[in-house]
Amino acid sequence: MAVYAVEITNRGVYQYNLGRRISRDVVLAARKMGKVGVAFGRYSDSPERNGIPMKWFAVIADDNDELEEQMAKYYPEIVDAAIVLDDTLLKGIESWSWDGLHPANERVKEKGVMIVVSNQSHDELLKDVHTKELPYKLITIPGEASFSGMWIIRDDKSEARIMGALAAALPDMLSPDSVQQIFKDKVDQDAAARAAKQMVTRVVEPGEGNPEEPYRYELPVWQDLTEYGIAVVGMGKGGGYHGGKEGYEPTRSTTYRKHLTRTFRPVTNFDACTQTRDCWLNCPDEAYNVTPDGYFECDYGACSGCGKCAEVCPEKCISMVSESEFNDEASVYDMWKKDKAAYKKFFEAKAAKGWVGGQLIGPHGYVRKGQYDEEIKKTGIK
Amino acid sequence: MVLEKAKIGEEHEALMSGCEAIAVALAMADVDVITGYPIRPYDTVINYIARLIADGQMDADLIHAEMEHSQFEIVKHACVSGARVFTGSSGVGWVFAMEPLVVSPPARIPIVAICGNRAVDDPGAFGCEHNDQYLVRDVGWMINWADTAQEALDLILMSYRVAEDPRVFLPCSLGVDGAFLTHAMNLVKLPSKAQVDKFLPRYDRGKLRLHPDNPISVAVQVNEDWLQELRRTIDEGARISKTVVEQAAKEFYQIFGRQKNPFFEEYMTEDADMVLVGAGTLSLSVRANVRKLRKEGKKIGFVRMKWLRPFAVEEVRECLSRFKAVGVIDRDYSYGSPDFGGIMFHEMRSALYTAKKQPLISNFICGLGGREIYEADVREMMKIMEDSIKAGTVKDTVTWVGTRTR
């Protein structure tokens, strides 16, 4: 008698298919071992709006009664394995249903595993991952976060590699042989087998990690709801028109923050900025503030990381940098004002790893035809 | 990458969502005309149909309607001209189609639809509630609920068989719970085309077929000297549909080995003192918790309703009057109704009114907006039924279970 649960955390529409496929693969591989299973997504995450963290689940059991027993609590509270497709999600997950910040390792059971696709070291990752009272294993598979695409499946072998690592980490749950059986192509089979060797494992002891307490919201009892049902307090008017270079002060919700829907954040090279206002004008989230001296500074609490500003900047002075490069949301404008030489160094270091309009990889995938093939060659992944 | 293409027409097992299973059933039922308009959660069935058509595995006209009203209008007309049709909607989309929904039964048009059960706005929510499908309960639609992807496939085939029977000729809607059934992927046994062909005859409208060679008027204007008699003919169709469901289920069982009792499914009821009654996917949690309570020595069971229209009144009455207490779980509400209960509760209490032995019947409103039904909820329901049995009278007639309250 053994029931297993696996959760897959991914970000937005771009990893929707990949997460879905992995949840299915777990059930299909388990079926090869004579088990039964269910694969499903967290429904409240959908529609899969831009960049919102999502979850998929797979539950497998020896027989239908056992499966039903587990499914009586539909969304599992404890999982044997948590798979995180994007290491920037380790900062915490705030779903569309919006009930607070959930650590990525929240549901991992004692001595369970958390598998992360990342090029960062374990120590670097643990700066983001919240502490847990129980020990668990942190496993990394080297690689960049995969951007699958809503309609197109860009197969960078993440699916096969994660399945290979999962079977290697929990062979009782899924035998490596069962994973080999579900993949028809030899490249996939090889990728799965190789991931078992590539993966790096480390035991995370209780108390290790980011000690910050994740924020939560108190849900009200029905008697406390407003008289006419649900009314949500709207956004304020903002500061209105200030004239001249200051322009409009944008409206901004103080309650709904967007920093967890972001894989990349814009960093501005203020030295190169000619104050064209394009970032400020084009930002769909009105995330840019106008500074007193006419520069435009991104409020990271309001930015969803879409990359529009970097795309439209005629000076190419905005770089989209992976969230994994940052551990806080401090103002870069303040940093620049304080010490311009230090900021120059900071910007150059970050921009080297980032994406500046029209080049390399976009904040949400590849931007031109054939680019995927070029990128995949560089990684050496076959 | 694991790429699977459904092998339609071959008997095999596949991992698919409730909506995918329905799409496969439609492909095997040779449906001619399908209309779609996006609204969650039903619309995944249209996604899958489009894929089956694109892959050359299904031959049907898929029409993208400009709104839900047109969705049902288009299939209504196609169906009158002899096409086997399918459509569906959810929540307020379903409500928007209310006019064609209402006129289809009196015109005797056997549309088969799914209602991907979703909370009716406001507030905008896409979780499961049963009120949307219950809105067509009184106007001649047949309605039923499935609890697994497998049963959704089965009931689609059953629905065509019953709706298109010339004795019935009434539309039929299958309720599929949003998320729990429409989206969750389960292992489904797909039947062979030969099995489906054996069970499902061709749709033949006979003299009622609208065709240049058969000029007839459908949906005419009448006055008080005609309407009551016309209504009575529809009533006759609704009455006979119960017998037709029974006959169809019998044959279904012979061919596929499922759907033995078409109207409801009893679970651990043999020696039960009290039973819970409900429809749809809440069965998953209730069954597992009933098993748990049984291990603690509680004499509790569960009756899962499938067809609510036709309503198998004798069978339901006979079944439920065997128990001391009955608790009806409603994933819906009927504001301001007698005792402020849910819709199915009123149906059951009404059916039991003329029973020789009446159980103590109470009602639980829960699982609204797709909220899960937890072990604590089922225990609370059992406690209320136990208290009623002890007191010999119903203690709490209607309880909102699992609601945040002071």
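A salt bridge here is a side-chain nitrogen of Lys or Arg within 4 Å of a carboxyl oxygen of Asp or Glu. E372(B) and K73(A) form one, with their closest N and O atoms 3.3 Å apart. The model is predicted, with local features needing pLDDT of at least 70 and side-chain atom pairs pLDDT 80 or more, while totals for chains, interfaces and linings use all residues. Residues are numbered from 1 along each chain as written, chains are lettered from A in the order written, and side-chain values use heavy atoms, without hydrogens and water.

**Chain A and chain B**
- In contact (heavy atoms within 4.5 Å) are 40 residues of chain A and 32 residues of chain B.
- The buried area (accessible area, 1.4 Å probe, lost on putting two parts together, summed over both) is about 3,300 Å², with 54% from carbon and sulfur atoms.
- Y43(A), E68(A) and Y74(A) supply 22% of the area that chain A buries against chain B, more than any other three residues.
- The rule finds seven salt bridges across this interface.

**Domains of chain B**
- An automatic or database domain assignment divides chain B into domain 1 (2-256) and domain 2 (264-400).
- Domain 1 gives 29 residues to the contact and domain 2 gives 27.
- The C-alpha centres of the two domains lie 28 Å apart.
- Between the domains about 2,300 Å² is buried, 56% of it from carbon and sulfur atoms.
- Eight salt bridges are counted between domain 1 and domain 2.
- D177(B) and R331(B) meet through their side chains in a salt bridge, 3.8 Å from N to O.
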